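Visitor: I'd like a close look at one part of this model. Could you walk me through it?

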Amino acid sequence: MTLQEQLSSIILQPESETLEYKAVLPPSKSIAQIICSFANTNGGILILGVSEIGGLKVSGLSEDFRATSITHKAIDLLTPKPIVDYGYISHNSKKLFAIKVDKSADIVSLAGKIYIREGEKIRQSNATVNVFITGGYQGITLLSATLEKLKIDATDSKIRLIEHYQSILKMMDTLKPILYPEDPGLFTLVKEGKVLSRILFSSVVDNFETYLSDILFEIYLAKPETLKSDQMVKVEDVLNCVDIQDFITFWAKQKIGKLQKGSVKGFISENKQIKDLNIIDKAAEEEIEKILQIRHLYSHRNGIVDDKFLKYYPTGFTIGTEHQQSTDEILNKLKYLSNVIDKIDKAAIQKYSLSTI
């Protein structure tokens, strides 16, 4: 029986342990997770081009980007490679893309992670449990629990960011003697603690930027038409990319340039995909920009206040003094950025029909 014949008999049946739909083309890693979960359970079929909003309906899949090459890349991420059949099919004159996965005799993993199916949901069977120090700072454990809830029905980009933030919280929990030896609300006086606080905070902000780049990539991949613009692209840049997915990744990272220079407003104005979500208002722009300026100060001035920094913080600081943040202040900013990302992610999923994990 051909793939076309198999799909004709099940199309628009409810999602189950062996059947999943996606309205648009997900990133290769997301496809790899789905293939992995099918292979480790009872096999199954993923059909791209079927919308679930307002009931199942065949919406079709854009052929602007090649699903075949991205699926091939997804399979290459798996160890060992399961038996997979994939290709374009037609249904009522609309193009769909189907990926059929056989049950694997061996456990299949993705970067060391093992995924299985529980009904229509995917679960990591060897997930790391966040265990914190007994009697440690409760603010850290509570924030980690809050972040865990944000991983539900999220994009791959958001889940990766949350997991990184949780790893930062684990470090902060373990390094209490140098980060907050007296109280999490007080500056540490330990020299190594000051340096580490700056590094951890910079990592929080860097990964916020990484998320924005990654979510742009997911939007471009799901909605190819949003990538089209009148902005010039160097032929050299295109030729340096292995395939279209590699180019989209490069292009999304290029869009972060304004943000890395501390211009939140400039980033939003140049990225209609984020602007149209209407999540980051003027107040949020100003708050994020201030957070970015602290990161810049840490990365380029070792935390020593300069005149540029005073433009954003005109009171409370003096040129030449060391800028410090308590553990509580870092946690508050991490929580703030997480909330912004949560809103962006939910809005992007709704507007662009992004794939969720």
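Visitor: How many nonpolar, polar and charged residues are there in the lining of the largest cavity?

Guide: Bear in mind that this is a predicted model. By class, the lining of the largest cavity has 2 nonpolar, 4 polar and 3 charged residues. The structure holds 1 cavity of 30 Å³ or more, and the volume of the largest cavity comes to about 60 Å³. Rolling a probe the size of a water molecule over the atoms is what shows where empty space is left.

Who lines it? Lys 194, Ser 197, Arg 198, Tyr 298, Glu 322, His 323, Gln 324, Gln 325 and Ile 330 do. Helix 7, residues 191–222, gives the most to this lining, with 3 residues.

Two packed helices are described by the angle between their axes and the distance between the axes. Here, the axes of helix 5 (residues 156–174) and helix 15 (residues 327–352) come within 11 Å and cross at roughly 170°. Because of that crossing angle, helix 5 is roughly antiparallel to helix 15. Sorted by class, the contact has 9 nonpolar, 2 polar and 3 charged residues.

Follow helix 5 and you get to the largest pocket, where helix 5 supplies the largest share of the lining, 6 residues. About 1,300 Å³ of space lies in that pocket. The pocket is lined by 42 residues, and Lys 151, Asp 153, Ile 159, Thr 356 and Ile 357 are the closest to its centre. Helix 15 turns up here too: helix 15, helix 2 (28–39), helix 4 (138–149) and strand 1 (19–22) are among the elements that each supply at least two residues of the pocket lining. By class, the pocket lining divides into 14 nonpolar, 13 polar and 15 charged residues.

Strand 1 then leads on to a sheet. This open sheet of 4 strands has the order 1-2-7-6, with mixed pairing. Strand 1 and strand 6 (84–91) stand at the edges with a single partner strand each, so one side of each is left without a neighbour in the sheet.

Key:
Residues are numbered from 1 along each chain as its sequence is written. This is a predicted model: local features need pLDDT of at least 70, side-chain atom pairs count only at pLDDT 80 or more; totals for chains, interfaces and linings use all residues. Side-chain values use heavy atoms; hydrogens and water are left out. Axes are lines fitted to C-alpha atoms, for helices over the stretch in contact, and angles run from 0 to 180 degrees between N-to-C directions. Angles under 35 degrees count as roughly parallel, over 145 as roughly antiparallel, 65 to 115 as roughly perpendicular and the rest as oblique. Ala, Val, Leu, Ile, Met, Phe, Trp, Tyr, Cys and Pro count as nonpolar, Asp, Glu, Lys and Arg as charged, and the others, Gly among them, as polar. On a 1 Å grid over the protein atoms alone, a cavity is a set of points where a 1.4 Å probe fits but cannot get out, and a pocket is an open set with protein on both sides within 12 Å along at least five of seven lines; lining residues have an atom within 4 Å of a point. Grid points are joined across faces, edges and corners, and a volume is the space filled by probe spheres set on the points. Two strands pair if DSSP finds at least two bridges between them.
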